[in-house]
Amino acid sequence: MMDTLIIVVGVIYFIICAALITVVLLQKGKAAGLSGAISGAGESYWGKNKARSMEGKLDNLTKVGAVLFIVLSVVLSLLFKFR
């Protein structure tokens, strides 16, 4: 029973890891340099509606994926400990 649970959680963990890597690689860099500071990128239309854009969605997916990654890491650690 415990071995089956470890395998199922391990497969989910692997999928979350692959998805997290993919989402991070799809994001754009945050370094706008001097041009971003002068133009005031935070006050633009896209800055105000960032959560609705693809960049905002990728940012949210990264946060959710990171939390799931940490939680599943702890769960797998405890499953191996009490095996």
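Me: Which residues of H1 are buried?
Reply: This is a predicted model. Buried here means under 20% relative accessible area. In H1, that gives Ile6, Val9, Ile16, Leu20 and Val23.

Me: What covers the buried residues of H1?
Reply: Take Leu20, one of the buried residues of H1. The cover over this buried set has H4 as one of its parts.

Me: Are H1 and H4 roughly parallel or roughly antiparallel?
Reply: H1 spans residues 2-26 and H4 spans residues 54-81. Their axes lie 9 Å apart, at an angle of about 155 degrees. Angles over 145 degrees count as roughly antiparallel, so H1 against H4 is roughly antiparallel.

Me: Is the crossing of H1 and H4 left-handed or right-handed?
Reply: The two helices pack at about 155 degrees. Their crossing is left-handed.

Me: How many nonpolar residues does the contact of H1 with H4 have?
Reply: Sort the contact by class. Charged residues are absent, and polar ones number four. The nonpolar count is 22.

Me: How far does H1 reach from its first C-alpha to its last?
Reply: H1 has 25 residues. At 1.5 Å a residue, 36 Å is expected. The model comes close to that, with a reach of 36 Å.

Me: Is Phe82 buried or exposed?
Reply: Phe82 sits in the segment after H4. Its relative accessibility is 57%. The cut-off for exposed is over 50%, so Phe82 counts as exposed.

Me: What separates the C-alpha atoms of Phe82 and Met2?
Reply: Along the chain, Phe82 and Met2 are 80 residues apart.

Methods: Residues numbered from 1 in each chain as written. Predicted model: local features only at pLDDT ≥ 70, side-chain atom pairs only at ≥ 80, totals over all residues. Heavy atoms only, no water. Axes fitted to C-alpha atoms, helices over the stretch in contact; angles between N-to-C directions. Helix = DSSP H or I, 4+ residues; strand = E, 2+ residues; numbered from the N terminus. Parallel < 35°, antiparallel > 145°, perpendicular 65-115°, else oblique. Left-handed = near helix turned anticlockwise from the far one by under 90°. Nonpolar A, V, L, I, M, F, W, Y, C, P; charged D, E, K, R; others polar. Expected span 1.5 Å × (residues − 1). Buried < 20%, exposed > 50% of the residue type's maximum accessible area, 1.4 Å probe, protein only. Contact = heavy atoms within 4.5 Å.
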